[in-house]
Amino acid sequence: MNREAGVAMDDGRAIHRKAKAYRWQGVEERPYKEDDRALFRSITRQVLFSDPDMHGELRYFEMAAGGFSTLERHEHMHAVMILRGRGHCLVGNEVRPVETHDLVTVPPMTWHQFRATRGEPLGFLCMVNAARDKPQLPSADDLDKLQADHAVAAFLRNEPVS
Ligand code: MN
């Protein structure tokens, strides 16, 4: 790995990488392929900061209007700042409308999902541990339990009540 900052465009240690329209210089935009099981939809990921000498990573996720992130849980936490647009998130049994610059904390082993419910893109920064466990997906039983809550069920149908 090249340790000299700024030598290559794709060097994460470049001192300055310009932003333009929620894309960053030298950062690969990784489209998530659409998922047959509808676990996620219309979401892309850019890894902004990731380095062997740091214990954390900062990523930018963006959903097109109507898109959503994977409904999942895991031991590692997420520290999220909404960077673009408005939408909704689910954390545990709580559904919340979110907008630009709001902060969202996802505790360990807590079901969570973000949805671009407002007819516009929803983008967020997400800080995570570099060393982290693999996400768990909900079983049919887990989904039943989540959907027992009226507000959560509406959120999962992409029709949040508030
Ligand atoms: Mn997650």
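Does N158 count as buried, exposed or partly exposed, and why? That one is settled in point 6, where N158 comes out as partly exposed because 14 C-beta neighbours sit inside 10 Å.

1. Ground rules. This is a predicted model, where local features need pLDDT of at least 70, side-chain atom pairs count only at pLDDT 80 or more, and totals for chains, interfaces and linings use all residues. Residues are numbered from 1 along each chain as its sequence is written.

2. Confidence. The mean pLDDT (the predictor's confidence in each residue, from 0 to 100) is 91 for the protein, and 91% of its residues reach 70 or more. Residues 1-9 are the stretch to treat separately: pLDDT is below 50 there. Beyond near neighbours in sequence, that stretch still has 12 contacts in the model; a contact means that two C-beta atoms, placed from the backbone, lie within 7 Å.

3. Overall layout. The protein has two helices and 11 strands, in the order β-β-β-β-β-β-β-β-β-β-β-α-α along the sequence. Its radius of gyration is 17 Å, close to the 15 Å that the globule rule gives for 162 residues, so the protein is as compact as a globular protein of that length. The radius is taken over C-alpha atoms, and the rule is 2.2 Å times the number of residues to the power 0.38. Helices (H or I, at least four residues) and strands (E, at least two) are DSSP runs, numbered from the N terminus. Along the principal axes, the C-alpha atoms fill a box of roughly 55 × 30 × 30 Å. Of the contacts between residues at least 6 apart in sequence, 60% join residues at least 24 apart. As for burial, 22% of the 162 residues count as buried: that takes 20 or more other C-beta atoms within 10 Å of the residue's own, while 12 or fewer makes it exposed and anything in between partly exposed, with C-beta atoms placed from the backbone.

4. Strand β7 and its partners. Residues 86-91 form β7, which pairs with β8 in the antiparallel sense over six bridges; strands pair if DSSP finds at least two bridges between them. C89 has R96 in β8 as its bridge partner. The two strands make a hairpin with two residues between them, and G92 in the turn has a positive phi of about 70°. β7 also runs antiparallel to β10, joined by four bridges, with L90 standing opposite Q113. In a regular strand the side chains alternate between the two faces of the sheet. In β10 (residues 112-115), H112 and F114 point one way and Q113 and R115 the other, and all are buried.

5. H101. This residue lies in the loop between β8 (94-99) and β9 (103-106).

6. After α2. N158 sits in the segment after α2 and has a positive phi near 65°, again in a residue other than glycine. P160 is in the segment after α2 (150-156) too, but P160 counts as buried because it has 20 C-beta neighbours inside 10 Å. Leaving out residues up to four places away in sequence, P160 touches H88, V95, T117, A154 and F155. T105 is 55 residues from P160 along the chain, and their C-alpha atoms are separated by 20 Å.
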